Amino acid sequence: MGRTLMVAAVLVWPQGAWAEDTPLQTAMQKDPERFAGRVTELIAGFGGPEGLTLAGIEEHIALERAGARAATLRRFLALDLDADGAVSRAELRVSQRAASADGRGRLERQFIAADMDLDGTADAAELVEQGRVAALRALGEDEAGYLRGLMALDADGNGALTGAEVAKAVAGLEKAG
Ligand SMILES: [Ca+2]
Ligand SMILES: [Ca+2]
């Protein structure tokens, strides 16, 4: 019984794997123009003279994440009145008094999320963790994997993706679909 199932799985699997689209194919099929536009922007922004390399894609990922991390840390550091790198409940209260009702609630929520050990202070390590979470929220591992997967379109295999290669891949897909 087990053996039969295994044989069946082996027979079925390659076909299933072939039929299942990768995230890259899905994005291209869903909206080829939008896909090409986005990749063209990436190439223009992070590509070198030969085109976009994996290193350029990593730079893009790191920059997006750093931006989100910095925005989160900045928000917390604006609450750190004595500049000790940590936000205490007392410091939070001062900013809450000066905020609108909505702002007070938001500050409360952010502080509670940051103070993971519930000691009433969002300390430096906890703020760093909030920055890390914000960075991954801005550009998660799924999207990073998808962006790295763009290198599959590097048709001549020279390690750099050009606009022409992207256009060809999109055109080929439209013809096939
Ligand atoms: Ca402080
Ligand atoms: Ca804490």
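Predicted model: local features only at pLDDT ≥ 70, side-chain atom pairs only at ≥ 80, totals over all residues.
1. Local features were taken at pLDDT of at least 70 and side-chain atom pairs at pLDDT 80 or more, while totals for chains, interfaces and linings use all residues. Residues are numbered from 1 along each chain as its sequence is written.

2. Helix α3 spans residues 32–46 and helix α9 residues 163–176, helices being DSSP runs (H or I, at least four residues) numbered from the N terminus. Their axes come within 10 Å and cross at roughly 165 degrees, with axes fitted to C-alpha atoms over the stretch in contact and angles running from 0 to 180 degrees between N-to-C directions. That makes α3 roughly antiparallel to α9 (an angle over 145 degrees).

3. On the α3 side, the contact is made by Pro 32, Phe 35, Ala 36, Val 39, Thr 40 and Ile 43; α9 contributes Gly 163, Val 166, Ala 167, Val 170, Leu 173 and Glu 174. Contact requires C-beta atoms, placed from the backbone, within 7 Å.

4. The largest nonpolar core has 12 residues: Met 28, Phe 35, Val 39, Ile 43, Leu 52, Ile 57, Leu 147, Leu 150, Ala 160, Leu 161, Val 166 and Ala 169. Such a core is a set of buried Ala, Val, Leu, Ile, Met, Phe, Trp, Tyr and Cys residues joined through C-beta atoms within 7 Å; buried means 20 or more other C-beta atoms within 10 Å of the residue's own. Helix α3 gives the most to this core, with three residues.

5. Apart from this core lies another, of nine residues, including Leu 79, Val 87, Leu 92 and Leu 127.

How values were computed:
Chains lettered and ligands numbered in written order. Helix = DSSP H or I, 4+ residues; strand = E, 2+ residues; numbered from the N terminus. Parallel < 35°, antiparallel > 145°, perpendicular 65-115°, else oblique. Contact = placed C-beta atoms within 7 Å.
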